[in-house]
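This report describes the fold of a protein, the way its chains meet, and a selection of its residues. Please keep the sequence and the structure in view while reading.

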There are 2 protein chains.
Amino acid sequence: MPKRVDHDERRRRIAEALWRIASTRGLEGASLRDVAAEAGISLGQLQHYFRSKGDMLVFALEHVNELAARRVRARVEASATAPSPRVILRESVAEMLPLDDESRSGNLVQVAYFLQAVHDERLREHAKEGVPLLRALFADQIRRAMAEGQIAPDRDPDTEATLLICLVDGLTSYTLLDVHSPAEALALADAHLDRLFTP
Amino acid sequence: MPKRVDHDERRRRIAEALWRIASTRGLEGASLRDVAAEAGISLGQLQHYFRSKGDMLVFALEHVNELAARRVRARVEASATAPSPRVILRESVAEMLPLDDESRSGNLVQVAYFLQAVHDERLREHAKEGVPLLRALFADQIRRAMAEGQIAPDRDPDTEATLLICLVDGLTSYTLLDVHSPAEALALADAHLDRLFTP
DNA sequence: CGTATGGCAATACAACTGACCTGTAAAAAC
DNA sequence: GTTTTTACAGGTCAGTTGTATTGCCATACG
C-alpha cells in the first residue's frame, strides 16, 4: 500500500474536504476528525500531512486565495483585449458574488476565514494580501474606461476600485444572509456600475 | 416568595459579558464558563438565567440589535428637522463604521453573529430583521434630498439606500481586517456620498 | 412555625477536542 | 539483502465543552 506520494496533492484534497465542511457548518465546527472523515482518510493520515490544525487552516486559506486569484485573472486575461472595461468589471463582480451554489460555498469559506483572521495575525496577513492585487486590477480597467471617455475624468481610479470591492463584499454578505437574492445583488451591482460609467 | 430579581437586567449584564469576549476572541471561543467568569458570576447562576447556550446567544443578539437600532434612531430623531439629509446620512454611516475601539468591538460582535446566522435559521431571522428598517430610514432621507433637488430625480431611493448599506458593510469588513484605516473608510464613504449628492 | 419556592453554588458527566505516540508494512537507498 | 525512510492505522492523553443533577440558603406566604 504505501508508496511515494505527492504531498501537495494530498494536502489540497484535505483542504477541499475542509471547505466542504466550512461552507455548511462553519470553520469552527470542523474538527480534525470531521475533516479526516470528509476526506475519507484516518485522523492519523491527516496528521501525517499537517502537524497541527493551524497548519491545515493556513494551507487551506492560501490555497483558496490562490484559486480565486487565478480564476479572476484568467477571466480578465482571456478577454482583456476585445471586451470593454465595463464588461470585464461586470464579469469579475459577477464571479465574486455568490450567484450559484458553488460560488456560495466558496464565499462561505472565505467569510469563515475572514472572521478567524480578525483574531489571528497569522491568518490576517494571508487574508489581506489579495485585496491590493484586485484593486490594481479594477483600477486598471477604470483607467482604460476613463481614457476612452466612458468615465468622468475627475474620478480617482483607486478610490472607485476600492468602493467597488467594498460594495461587492457587502452585497455578498447580505446575499449569504438571504436579505436579498443573487439576482437582486447583481442588479444592485449593475446600478452602481451604471453610475460609475457616466462621462 | 423568595427574594425577587430583575431577570432581564441580569440577562443583559450576561449578554454584555458575552460581547466583551466575542469582540476579542470571537463567538465560538466564548464558552459558558468564560462568559460566567467575565460576568463575575458562577456557571450555575448563568444556567439559571439561560437554560441553554442557544438561548443566551439569541437573547444577546436581540439585545445588540435593539441597542444599535435605538442608537441610530435617536441620532436621526434628535436632528431630523435642522440638518440636511446628507448630514444625517453621513452621521449614520459614521456611527455604523468601526471608527473607534468601542464601535469596533460592537462590529466584531455583529460579524461573529453574522457568520453564526448563516448556518443557523433561528439566528438568521433576528439578524435580517434590522436591514429593512435601516433601508427605509436611509431611503426616506434620500427622498427628502431628491425633493430638495440635491439628488438627481432619476435615482431610485430604495436602490441607493441598499447600495449605501452594502457599501458600509464592506467598508466595515475591510476596516476590521486593517486593509484600510478608519479614516480611509470614512473618506471612501464620503466619496460615495459625493457622487450620490449630485443633481 | 412550617414549607414551598426562587436564587444560586458545586459537582458530575458524557462527549468531544487537538496533540502525541506508538506499531507496522511497504518502498527506496545502500 | 540489509538498512533506512516514508505512509499510514490505531490508541492514549489531558483538557474543555454543554448540560444535568443535587443541595443549601433565604425569603414570603399560609
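## Fold of chain A

Chain A contains ten helices and zero strands, where helices (H or I, at least four residues) and strands (E, at least two) are DSSP runs numbered from the N terminus. Read from the N terminus on, the order of elements in chain A is therefore α-α-α-α-α-α-α-α-α-α. This is a predicted model, in which local features need pLDDT of at least 70 and side-chain atom pairs count only at pLDDT 80 or more, while totals for chains, interfaces and linings use all residues. Residues are numbered from 1 along each chain as its sequence is written, chains are lettered from A and ligands numbered from 1 in the order in which they are written, and side-chain values use heavy atoms, with hydrogens and water left out.

Along the principal axes, the C-alpha atoms of chain A fill a box of roughly 65 × 35 × 30 Å. Of its 199 residues, 47% count as buried; buried means under 20% relative accessible area, exposed over 50%, and partly exposed in between (1.4 Å probe, protein chains only). A contact requires heavy atoms within 4.5 Å. Among contacts in chain A between residues at least 6 apart in sequence, 65% join residues at least 24 apart.

## Nonpolar cores

In soluble globular proteins, nonpolar side chains tend to be buried together. A nonpolar core is a set of buried Ala, Val, Leu, Ile, Met, Phe, Trp, Tyr and Cys residues joined through side-chain atoms within 4.5 Å. The largest such core has 66 residues, and those with the most contacts inside it are Leu18(A), Val35(A), Tyr113(A), Leu18(B), Val35(B) and Tyr113(B). Apart from it lies another core, of 64 residues, which includes Ala161(A), Val168(A), Leu97(B) and Val168(B).

What does Tyr113(A) touch, leaving aside its neighbours within four places in sequence? Tyr113(A) is in contact with Leu18(A), Leu27(A), Leu57(A), Ala60(A), Leu61(A) and Leu123(A).

## The interface between chains A and B

The size of an interface is often given as the accessible area lost when the parts come together. Here, 40 residues of chain A are in contact with 40 residues of chain B. The two chains bury about 3600 Å² between them, 73% of it on carbon and sulfur atoms; this area is the accessible area (1.4 Å probe) that two parts lose on being put together, summed over both.

Across this interface of chain A and chain B, the rule finds two salt bridges. The elements that give two or more residues to the side of chain A that touches chain B are α1 (7–25), α6 (101–119), α7 (121–128), α9 (157–176) and α10 (182–196) of chain A. The largest share of that side, 13 residues, comes from α9(A). Its residues divide into 21 nonpolar, ten polar and nine charged; Ala, Val, Leu, Ile, Met, Phe, Trp, Tyr, Cys and Pro count as nonpolar, Asp, Glu, Lys and Arg as charged, and the others, Gly among them, as polar.

## Salt bridges

A salt bridge is a side-chain nitrogen of Lys or Arg within 4 Å of a carboxyl oxygen of Asp or Glu. A search of the whole structure finds 19 salt bridges over all chains.

| Pair | Closest N and O atoms |
|---|---|
| Arg195(B) and Glu160(A) | 2.6 Å |
| Arg143(A) and Asp140(A) | 3.7 Å |
| Glu160(B) and Arg195(A) | 2.6 Å |

Glu160(B) lies in helix α9 (residues 157–176) of chain B and Arg195(A) in helix α10 of chain A, so this pair joins two chains. Both Glu160(B) and Arg195(A) are buried.

Arg143(A) and Asp140(A) both lie in helix α8 (residues 130–147) of chain A, three residues apart, about one turn of the helix. Arg143(A) is partly exposed because its relative accessible area is 40%, and Asp140(A), with 42%, is also partly exposed.

## Two further residues

Ser103(A) is in helix α6 of chain A and counts as buried because its relative accessibility is 17%. Leaving aside neighbours within four places in sequence, Ser103(A) is in contact with Glu95(A), Met96(A), Leu97(A) and Pro98(A).

Asp34(B) has its place in helix α2 (residues 32–39) of chain B. At 26% relative accessibility, Asp34(B) counts as partly exposed. Not counting residues up to four places away in sequence, Asp34(B) touches Ile21(B), Arg25(B) and Gly29(B).
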